[in-house]
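Subject: Structure handover

Hi,

Here is the structure we talked about. Please open it beside this email and follow along.

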Amino acid sequence: MQVGVLALQGAFREHRLMFESFGVKVVEVRLPQDLENLVGLVIPGGESTTMAKLMRSSELDTAITSFAKTGKCVWGTCAGAIAIATEIVGFPEQPRLNLMDISVARNAYGRQVASFEVDVAVKSFETPFHTVFIRAPRIERVGKDVEVLAEYEGHAIMARQANLMATVFHPELAQDARVHQYFIEKVCS
Amino acid sequence: MADTVIGSTKVKTGFAEMFKGGVIMDVMNVEQAQIAEDAGATAVMALERIPADIRTQGGVSRMSDPGMIEEIMKVTSIPVMAKVRIGHFVEAQILEAIGVDFIDESEVLTPADESYHINKQNFKVPFVCGCTNIGEALRRIGEGAAMIRTKGEAGTGNVVEAVRHARSVLGEMKKLQIMGEEELMTYAKNNGAPYDLVRYVHENGKFPVPNFAAGGVATPADAALMMQLGVDGVFVGSGIFKSGGSSSSDSERRAAWSARAKAIVEATTHFNNPEILAKVSRNLGEAMVGINLDTLVDEERMAVRGW
């Protein structure tokens, strides 16, 4: 089994190390042909506007959309959650993949000086998960088919819709592979 | 439930990790910031004079006007960085107060302290610092830098110094990895580097923070060269907004800047793909003129600033 990590820009190496820590093979995805033979794809944190432009110029945007439509699992963290959302509050023109029925507001928890860490309860996890928020987007609305898996201050921070998952925090920066395992075992199965 | 923690090492270095594989561009005004964001920059560095101008105009170079930085913060949705003089912790307090996302304690400005750098552990805002060798890099990380970059020779459009510093740092990292444990303390002593960080590099083969290239990057090929040497991302200073010198009109010059900025972003992502590098390198017009380093007298060299 191989999972892809979009490697255009951002924290793709941290995701790779996390998957490899429990024996999942990782392919770095930079071009559409890299998606072949993958069970799923992670869109990492980074700068959402940068990634959107690089996805467009390499035609990965349409390739990832069809990848998801065939039922392959796709998980977006932070900037990746912005990329897969159907709505980006205040930035209607920003290119996005339009996959998951959520509305996200960019940098809604504040600029970098307000970035934070906190322990949060996650559905089906026995103990809290240590979450790291970095200029994080906020999920302002979830569609009716979206299951909320974790919340912070009244907003969803981890959510799932069938083969799609979004986290606005950074599980790849925690010393804890449970969210990565959840993606492989629950979302990709 | 534990309490919420802000300004921790984790959120500072974690933020720096998000810039990897990206290009951070120097901008002098709102218009250039917009060009940088539209081209796909991961952040902008707001400053009144880019290094090439600091070089020609001379004089004491200081932190930019906070009002000018705030204007740029208002119009861009990507992170905004700004520079302070080496050791000038009050300039850093001011930038933290206006909410700048990252501070560059930079040798490009005139140093304010000839002995000490800023104690960066005291700040919630993360810092990036330049280095010419591994000892300097580890001292800066020891002081709390969340990101390291090579010093290059800013404002020259000549990549040779950035290559020299990157090769020195990356080569020493490899050496440290294969060194015997008993050698580490003497290595720390000889390089003026904190022992625990020397150990970290010995065990992990990398710094605990991202390591970028800066200084003299002027073309997509320069950016890809630095990435292939093994850095995590690229700063472009004068290389974009000093290009297109022969353009006949403002709109032509803007188009040249924009094309070059986009090409450097693409080259940084696809640094290992020569076909894409060839494609994005075509028809970019005139690069910045550049300065041959042999013609610089020692007082004009910025890379030697810092202790």
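A term first: a crossover counts as right-handed if, with the strands pointing away from the viewer, the path from the first strand over the helix to the second runs clockwise. Keep in mind that this is a predicted model.

Confidence comes next. The model scores ipTM 0.95 and pTM 0.95. Chain B has a mean pLDDT of 93, with 99% of its residues at 70 or more.

Chain B, strand 6

The right-handed β-α-β unit is built from strand 6, helix 6 (residues 134–142) and strand 7, all of chain B. Strand 6 of chain B spans residues 127–131, and five of its five residues are buried. Both of its faces are covered. B:Phe127, B:Cys129 and B:Cys131 lie on one side, B:Val128 and B:Gly130 on the other.

Strand 6 of chain B has these partners:
- Strand 5 (residues 102–106) of chain B pairs with it in the parallel sense, over three bridges. Here B:Glu105 is opposite B:Cys129.
- Strand 7 (residues 147–150) of chain B also runs parallel to it, joined by four bridges. Here B:Val128 is opposite B:Met147.

Chain A, strand 7

Strand 7 of chain A covers residues 116–120 and is mostly covered, with four of its five residues buried. Five bridges tie it to strand 8 (residues 129–133) of chain A, antiparallel. In that pair, A:Glu117 faces A:Val132.

Strand 7 of chain A also meets chain B. Two bridges join it to strand 1 (residues 5–6) of chain B, again antiparallel. A:Phe116 stands opposite B:Ile6 there.

Best wishes

Terms used: Residues are numbered from 1 along each chain as its sequence is written. Chains are lettered from A and ligands numbered from 1 in the order in which they are written. This is a predicted model: local features need pLDDT of at least 70, side-chain atom pairs count only at pLDDT 80 or more; totals for chains, interfaces and linings use all residues. Side-chain values use heavy atoms; hydrogens and water are left out. Buried means under 20% relative accessible area, exposed over 50%, partly exposed in between (1.4 Å probe, protein chains only). Two strands pair if DSSP finds at least two bridges between them. pLDDT is the predictor's confidence in each residue, from 0 to 100.
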